[in-house]
Amino acid sequence: MVQAMVGVRKMFKRALVKDDCVSLRCYVRSEDGLYIAACLDLCLAVQADTMQEAKQQLHEQVIDYLIDAVKEKNLVTRPAPLSEWLMYLWVLSVGRLSRIAGAIGKKASMAFREEVQPSSLAGA
């Protein structure tokens, strides 16, 4: 497990690595009645009916990708296109402004960090 995290750590120079945990930049947003969640550091995306389902599906996809990549010793970072990074920055900015303004109501989008612990890669 520790060797798996060493390999993961080397590949994510831009992602935040702290205390043997990789923190990947992600966001979820509402579009046409569905929620789309994306991990920018791995260029992964999912869609679901609710925000929570989208986040859960993205988490599972990230873990599956990392387990497969570590097993095959072929972890390739695939940063998302510029348009996705701009959307992430927009969602991040709107979220921060909403918190400052004390906005209440249903969230249509949010930026978050997907935390990957070594124990999550136990299958590797």
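**Group meeting: a look at one predicted chain**

Good morning. Of the 124 residues of the protein chain, 37% count as buried. Please keep in mind that the structure shown is a predicted model.

I shall begin with the overall layout. The protein chain contains 3 helices and 5 strands. Read from the N terminus on, these elements follow the order α-β-β-β-β-α-α-β. Among contacts in the chain with a separation of 6 or more, 56% are between residues 24 or more positions apart.

Tyrosine 88 lies in helix H3, which covers residues 82-101. Is tyrosine 88 buried or exposed? Tyrosine 88 counts as buried because its relative accessible area is 8%, and buried means under 20%. Which residues does tyrosine 88 touch, once its neighbours within four places in sequence are left aside? The contacts are Arg25, Cys26, Tyr27, Leu40 and Ala111. Consider alanine 111 from that list: 23 residues separate it from tyrosine 88 in sequence, and the C-alpha to C-alpha distance is 6.7 Å.

The second residue is glutamate 60, found in helix H2, residues 51-71. Glutamate 60 has a relative accessibility of 41% and therefore counts as partly exposed, a class that lies between the 20% limit for buried and the 50% limit for exposed. Glutamate 60 also belongs to a negative surface patch, together with Asp64, Asp68 and Glu72.

Technical notes:
Residues are numbered from 1 along each chain as its sequence is written. This is a predicted model: local features need pLDDT of at least 70, side-chain atom pairs count only at pLDDT 80 or more; totals for chains, interfaces and linings use all residues. Side-chain values use heavy atoms; hydrogens and water are left out. Patches are made of residues with over 30% relative accessible area and no salt bridge: like charges are joined within 9 Å, nonpolar side chains (Val, Leu, Ile, Met, Phe, Trp, Tyr) within 5 Å. Accessible areas come from the Shrake-Rupley method with a 1.4 Å probe; for residues, only the protein chains shown count as cover. A salt bridge is a side-chain nitrogen of Lys or Arg within 4 Å of a carboxyl oxygen of Asp or Glu. Lys and Arg count as positive and Asp and Glu as negative; His and the chain ends are not counted. The place of a charge is taken as NZ of Lys, CZ of Arg, CG of Asp or CD of Glu. Helices (H or I, at least four residues) and strands (E, at least two) are DSSP runs, numbered from the N terminus. Buried means under 20% relative accessible area, exposed over 50%, partly exposed in between (1.4 Å probe, protein chains only). Contact means heavy atoms within 4.5 Å.
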